[in-house]
Amino acid sequence: MREPDISIVECSYRRVLEIVSNKWTALVIYALEDGTIRYGSIKSRIADISQKMLTQTLKQLERDGLVVRKVTPVVPPVVEYALTPLGMTLLPFLRMLKEWSSAHYASVSEAREAYDALHQDASHG
């Protein structure tokens, strides 16, 4: 019997997916792709994100070394965020995912609808 070669415990892909699979993470990274930006500007660029989710996402990205937070001590304080060099390395991959999504999501939607229609009919039989 073949030994498993994919491990949920040891898989670095799983760890990276934990970072980027959050629906807000990619959107926040896109908001930061053009350079340093203030918190309020990030929030205004991302539709439907709550203050709580934006704050949590930024803190997690900062913890992961993908975002840097800068506070300018004035009244009121100015808080700005930027991608770190490490965070910028994610941009090409997220762009590729976005391009794939634009090119293929209609097919995914059609497949889901066909599957649901087939299985809805089967469950009523």
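In which helix is Ala-31 found? The model examined here is predicted, and it places Ala-31 in helix H2. Ala-31 is buried, because its relative accessibility is 6% and the cut-off for burial is under 20%. Its contacts reach beyond its sequence neighbours. With residues up to four places away in sequence not counted, Ala-31 touches Ile-37, Ile-42, Arg-45 and Ile-46. Ser-41 was also compared with Ala-31. The two residues are 10 residues apart in sequence, and their C-alpha atoms are 8.7 Å apart in space.

Helix H2 spans residues 23-32 and packs with helix H4, which spans residues 51-63. The two axes are 10 Å apart, and the packing angle is about 80 degrees. Angles of 65 to 115 degrees count as roughly perpendicular, and H2 and H4 are therefore roughly perpendicular to each other. On the H2 side, the contact is made by Trp-24, Thr-25, Val-28 and Ile-29. On the H4 side, Met-53, Leu-54, Thr-57, Leu-58 and Leu-61 take part. Seven residues of this contact are nonpolar, two are polar and none is charged.

Thr-25 belongs to helix H2 and is one of the residues in the contact with H4. Thr-25 is buried, with a relative accessible area of 4%. Neighbours within four places in sequence were set aside for its contacts. What remains is contact with Ile-19, Val-20, Thr-57 and Leu-61. Of these partners, Thr-57 and Leu-61 are listed on the H4 side of the helix contact.

The aromatic rings were examined next. A search of the whole structure finds one aromatic pair. The pair consists of Tyr-39 and Tyr-81, with ring centres 6.4 Å apart. The ring planes meet at 50 degrees, so the pair is tilted. Tyr-39 lies in helix H3 (residues 39-45), whereas Tyr-81 lies in strand E3 (residues 78-83). The pair therefore ties together parts that are 42 residues apart in sequence. Tyr-39 is buried, with a relative accessible area of 18%. Tyr-81 also counts as buried, at 7% relative accessibility.

The charged end of Lys-98 sits over the ring of Tyr-30. The distance from this charged end to the ring centre is 4.8 Å.

Two backbone features stand out in the loops. The peptide bond from Val-75 to Pro-76 is cis, with omega near -10 degrees. Pro-76 is found in the loop between strand E2 (67-72) and strand E3. The other feature concerns Asp-48. This residue has a positive phi of about 70 degrees, although it is not a glycine. Asp-48 is located in the loop between H3 and H4. With a relative accessible area of 74%, Asp-48 is exposed, because the cut-off for exposure is over 50%.

The relative accessible area of Ala-117 is 35%, and the residue is partly exposed. That value falls between the 20% limit for burial and the 50% limit for exposure. Ala-117 and Pro-92 are 25 residues apart along the chain. Their C-alpha atoms are separated by 37 Å.

Note on methods: Residues are numbered from 1 along each chain as its sequence is written. This is a predicted model: local features need pLDDT of at least 70, side-chain atom pairs count only at pLDDT 80 or more; totals for chains, interfaces and linings use all residues. Side-chain values use heavy atoms; hydrogens and water are left out. Rings of Phe, Tyr and Trp (its six-membered ring) pair if their centres lie within 6.5 Å; planes under 30 degrees apart count as stacked, over 60 as edge-to-face and the rest as tilted. Helices (H or I, at least four residues) and strands (E, at least two) are DSSP runs, numbered from the N terminus. Buried means under 20% relative accessible area, exposed over 50%, partly exposed in between (1.4 Å probe, protein chains only). A charge sits over a ring if NZ of Lys or CZ of Arg is within 6 Å of the ring centre and within 35 degrees of the ring normal. Axes are lines fitted to C-alpha atoms, for helices over the stretch in contact, and angles run from 0 to 180 degrees between N-to-C directions. Angles under 35 degrees count as roughly parallel, over 145 as roughly antiparallel, 65 to 115 as roughly perpendicular and the rest as oblique. Contact means heavy atoms within 4.5 Å. Ala, Val, Leu, Ile, Met, Phe, Trp, Tyr, Cys and Pro count as nonpolar, Asp, Glu, Lys and Arg as charged, and the others, Gly among them, as polar.
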